[in-house]
Amino acid sequence: MCGIIGYVGTEDTVPIILEGLKKLEYRGYDSAGLAILDRGAVSVVKQKGRLTALEEALRQNPLTGHIGIGHTRWATHGEPSDTNSHPHLGSQRKIAIVHNGIIENHRYLRETLERKGVVFHSETDSEIVAQLAEYYHRGDIMDTVIRVTNALEGSYALGFLCADDPDKLIAVRKDNPLIIGLSDGGNFIASDVPAVLKHTNKICYLEDREIAVLEKDRVTFYSRDREVIHKTPETISWNFESAEKGGYKHFMFKEIMEQPRVLRDTIRSALPGGTNHAVIEALDIGRYSQIFFTACGSAYNVSMVGKYVLERLCRFPVTADLASEFRYRDAVIDARTLVIVISQSGETADSIAALREAKRKGADTLAIVNVVGSTIAKEADHTVYTMAGPEIAVATTKAFSAQLALLYLLAVRFARGLGRVTPPEEAALLADLEELPDQAEALFAHVDRIQQYAATCFNCKSIFFIGRNVDYAIALEGSLKLKEISYIHSEAYAGGELKHGTISLIEEGTLVVAIACTERLYGKTASNVEQVLSRGARVLFLTSSGETEETDCLSLLPIRPVSEWLAPSLSVIWLQLFSYYVAVYKGCDIDKPRNLAKSVTVE
Ligand code: M6R
């Protein structure tokens with residue numbers, strides 16, 4: 001959580017930092033602030049609330065300068081408030097810092113400094129970094145940063161400004177992301193690439209404990225032992241426009257509409273000539289005895305689809321596990337296990353821990369990641385990238401679809417490796433897959449249908465989602481999407497589970513969203529629909545079967561996949577649109593839902 005940005009160069013820093021913070025707001029939006037170093041003095045303006053509050057504060061108290069750091073916060077230690085906002089200053093206002101992460105030993109360090117007379121101003125764990133820096137500082141900021149980071153336990157991405165060294169911005173990280181952007185007009189630090197894309201696509205990734213010293217015309221990288229490290233910048237293919245709303249009212253809607261393109265690019269990436277092809281081809285399913293998926297949130301829901309699809313197509317043992325559970329449950333895995341970690345950001349703390357646990361146990365690891373150069377992408381034994389481009393809305397949509405597409409391709413590849421499909425069968429599966437983007441596109445012609453239905457649902461107190469098999473996995477995703485952006489209570493159940501308790505919650509008018517795209521299970525889900533209808537529910541039924549007819553209480557959303565196994569990719573788009581419109585009609589903050597952050601880098 002939290003986004004940090006810094007700039008040193010020839011331009012006016014404040015607009016650059018504000019623009020960067022806008023791109024990072026998805027990481028947290030409880031408060032925002034910036035520090036500027038000008039004529040040997042550090043000035044800080046910070047404000048509880050959204051970025052607009054900071055912009056207003058800067059109108060009252062304008063700052064200028066050519067070097068600065070900024071922060072947007074997702075509160076962990078201390079409530080959202082002006083004082084708990086970043087940047088934090090040491091007592092002598094010489095050193096300012098911005099921090100993303102958690103300092104685990106902050107209490108001990110704070111008490112130690114307090115005994116020496118240092119006065120703290122906030123309740124945050126982060127302030128210790130600024131206070132400690134000033135306590136240790138003897139004139140050499142590099143030395144100070146090394147001493148500070150040696151004392152810290154926990155995770156951090158940090159930016160430092162020091163009044164004694166007015167031309168340098170120092171950055172260091174451990175277990176939290178930090179990129180360095182290089183341009184002719186100056187150099188940048190940021191939590192994520194979109195924050196600097198307007199200015200540069202030349203990026204260096206900082207490794208754990210490495211230190212970057214940024215000046216207006218150069219960046220020098222050091223190891224923790226002060227040895228100079230040479231890094232070659234990577235060129236990012238995402239462009240600035242892809243991180244903009246492009247005329248849409250919300251990023252979420254734009255990202256939903258981008259899905260045909262994302263599916264097309266991701267499928268191509270895994271076919272001969274594509275960037276993921278070699279990695280996928282090199283995976284030898286014959287060396288494994290089982291597959292474990294591990295992930296969080298929506299990425300976990302993708303894993304659930306993956307489990308059903310792989311088991312059925314490959315006849316191979318597959319487990320899907322929440323990363324937060326996997327990391328502590330001492331799972332039975334070994335060198336003959338392939339652990340697949342799925343993550344949009346590649347920085348989710350639980351997923352990183354699960355990956356490390358899998359590696360510690362000797363498993364082979366494959367990452368399915370969207371953000372190039374992220375921790376999970378770099379630490380996994382094999383990495384494939386989803387071609388979603390920057391995903392800004394907190395609620396994931398296009399990354400979900402891209403992950404699903406790569407899973408289908410892996411399933412086909414593994415089915416071939418295990419001899420479960422003949423070459424013509426494989427070709428037929430791939431041909432179906434290549435039709436998926438057009439099918440997704442065709443669905444958008446009927447958006448008004450789901451919009452009209454959503455208009456009747458925004459007052460619901462509770463909504464239930466049911467389905468079986470892959471439709472159950474998509475029910476989980478539909479339910480998650482709805483609650484995270486509309487704040488309507490919702491639950492997803494495997495259709496067969498309903499009668500074991502949950503059906504007692506169904507009363508007159510309760511909305512049940514049922515999904516039935518798995519033909520052999522259609523009758524089962526249809527009878528669950530009957531059961532809830534007869535208890536007064538109204539039902540939105542997503543189905544590929546033509547057997548059901550609409551009634552006053554039963555509305556249909558037809559799904560026509562070219563092949564049944566690809567139906568989840570279409571039903572999920574309907575559910576994304578449903579959640580989106582319900583939240584729009586409720587007047588919710590679609591792209592920045594309360595209490596959430598895009599990238600969950602804390603446990
Ligand atoms: O970046 P990741 O894919 O690892 O993130 C995992 C979850 O935090 C994420 O999918 C979350 O559930 C989304 N907000 C759902 O829309």
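**Cavities, ligand site and backbone features**

The count comes to 3 cavities of 30 Å³ or more. The structure is a predicted model.

The largest cavity has a volume of about 210 Å³. Its lining is made up of 27 residues. Those nearest the centre of this cavity are S191, D192, S345, E347 and V371. By class, the lining holds 13 nonpolar residues, 7 polar residues and 7 charged residues. Two domains contribute to this lining: domain 1, residues 3-242, and domain 2, residues 244-443. The largest cavity therefore lies between them.

The second largest cavity has a volume of about 90 Å³. It is lined by 15 residues. C2, W74, T76, G101 and D125 lie nearest its centre. Strand β6, residues 95-103, gives the largest share of this lining, with 3 residues. In the lining of the second largest cavity, 9 residues are polar, 4 are nonpolar and 2 are charged.

For E484, an N or O atom of the side chain is 2.3 Å from a ligand oxygen. For T348, the distance from a polar side-chain atom to an oxygen atom of the ligand is 2.4 Å. For S345, an N or O atom of the side chain is 2.6 Å from an oxygen atom of the ligand. On its own, the ligand has 410 Å² of accessible area, and the protein covers 90% of it.

The backbone was examined next. Most peptide bonds are trans, and most residues other than glycine have a negative phi. The bond that joins H86 and P87 is cis, with omega about -5 degrees. P87 is found in a loop, between β4 (67-73) and β5 (88-89). R39 has a positive phi, near 45 degrees, and is a residue other than glycine. R39 also lies in a loop, the one between β2 (31-38) and β3 (41-48).

Note on methods:
Residues numbered from 1 in each chain as written. Predicted model: local features only at pLDDT ≥ 70, side-chain atom pairs only at ≥ 80, totals over all residues. Heavy atoms only, no water. 1 Å grid on protein atoms, 1.4 Å probe; cavity = no way out; pocket = protein on both sides within 12 Å on 5 of 7 lines; lining within 4 Å. Points joined across faces, edges and corners; volume = space filled by probe spheres on them. Nonpolar A, V, L, I, M, F, W, Y, C, P; charged D, E, K, R; others polar. Domains from an automatic or database assignment. Helix = DSSP H or I, 4+ residues; strand = E, 2+ residues; numbered from the N terminus. Polar contact = N/O pair within 3.5 Å; in protein donor to acceptor, adjacent residues only side chain to side chain. Areas by Shrake-Rupley, 256 points an atom, 1.4 Å probe, with all protein chains shown as cover.
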